[in-house]
Amino acid sequence: MTVAAVLLVYAACVGTFGARMLGRARWPARAPLLAIITYLAAAWSVVAALGLAGLTLAVHTTALGGELSDLIGACVLRLRDAYATPGGATAAGLGLTLAAAVLARTALTAVTHLRAVRRQAVQHAQTARLIGRPDAALDAVLVDHEQPAAYCVAGPHPTVILTTAALQTLDPDQVDAVLAHERAHLASHHHRLLAIARIGRQILPFLPLMRDADTQITRLVEMHADDAATATRGTGPLATALVILAAGAGPAPGLAAAATDAVQRIQRLLRPADPLSRVRRQLLGAGAAALALTPVLLALTPAIVALALGRVPAA
């Protein structure tokens, strides 16, 4: 019961105050990918903590550190003892219900979201290829449209899409920078990171951290693509291109070059901050790893203590 309570408190605190702490931090814009990892680690540690809280209510926690046969045996013994103890059946039932609910909601949400996103991406990529024309020199699909826009669609048929107005408005260096930005989205699999964040938000939409993780990761993937696009060609062409493309947003399945926080990103490109030091990166990376592992370590604490005291045989 104590471990389950600690896990529930952890989930509530991280899910509520984690958003405030990460939102106030200034380093994410200097290390977008590390910030994405930190947001995802924090958000999904909340989901894991809720599921493990239910499991520890239903199963004695020392069994979680053993082999599968130990876990199954502990489940049987726990259920038998629960019905012989006043209130035990209620606690075990609540634990099993919570664990099953978290697992079922996560699985159902993930399958539903991924299927919908995949279907939209396939349909849009096919439509773009039908109404547009592939340009081998640009390695993109050109679509006749009076509004300058550039975006990419991931999925089974990853496609970079550029409107003819964008090609006419941007100079060659700017076109190269925009295409590099879109290819960075595809190469870094940003659509998968966004999917993980959005699935988390749909699982626990009432927690501030889950909402902020979705919003912030949408912004951070654009910054990460900006950094990749400007690594070898400078920031000027992309910054100018963002000004031109800011009025044109891509469709829902796509990642558009100027769709998110264009003004902030332009300022970031024109006045780049110093990169984080190696030591600070390592510390922040360790913090993200700690967030991801904390629910598991909390759930296994009784098993670890029992093993250290020699009460449970090593697996």
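Predicted model: local features only at pLDDT ≥ 70, side-chain atom pairs only at ≥ 80, totals over all residues.
Student: Okay, on to packing. Are H2 and H8 roughly parallel or antiparallel?

Tutor: Look at the angle between H2 (residues 32-58) and H8 (residues 208-230): about 160 degrees, with the axes 8 Å apart. Angles over 145 degrees count as roughly antiparallel. That makes the pair H2 and H8 roughly antiparallel.

Student: And what is the handedness of the crossing of H2 and H8?

Tutor: That one you can check on the structure by looking at how H2 and H8 cross. The crossing is left-handed.

Student: How many nonpolar residues are in the contact of H2 with H8?

Tutor: On the H2 side, the contact residues include Leu33, Ile36, Tyr39 and Val46. H8 brings in, among others, Met210, Ile217, Leu220 and Asp227. By class, the contact has two charged residues, two polar ones, and the nonpolar count is 17.

Student: Asp139 has a positive phi. Is Asp139 buried or exposed?

Tutor: Most residues other than glycine have a negative phi. Asp139, though, has a phi near 55 degrees, and sits in the loop between strand S1 (133-135) and strand S2 (140-143). Its relative accessible area is 53%, and the cut-off for exposed is over 50%. So Asp139 is exposed.

Student: Where is His189, the other residue with a positive phi of about 55 degrees?

Tutor: His189 isn't a glycine, yet its phi is positive, at about 55 degrees. With a relative accessible area of 35%, His189 is partly exposed. As for its place in the chain, His189 lies in the loop between helix H6 (172-187) and helix H7 (190-203).

Student: Last one: how far apart are the C-alpha atoms of Tyr10 and Ala49?

Tutor: Tyr10 is part of helix H1, residues 2-24, and counts as buried at 13% relative accessibility. Leaving out residues up to four places away in sequence, Tyr10 touches Gly15, Ser45, Ala49, Leu291, Thr294, Pro295 and Leu298. Tyr10 and Ala49 are 39 residues apart along the chain, and their C-alpha atoms are separated by 7.2 Å.

Methods:
Residues numbered from 1 in each chain as written. Heavy atoms only, no water. Axes fitted to C-alpha atoms, helices over the stretch in contact; angles between N-to-C directions. Helix = DSSP H or I, 4+ residues; strand = E, 2+ residues; numbered from the N terminus. Parallel < 35°, antiparallel > 145°, perpendicular 65-115°, else oblique. Left-handed = near helix turned anticlockwise from the far one by under 90°. Contact = heavy atoms within 4.5 Å. Nonpolar A, V, L, I, M, F, W, Y, C, P; charged D, E, K, R; others polar. Buried < 20%, exposed > 50% of the residue type's maximum accessible area, 1.4 Å probe, protein only.
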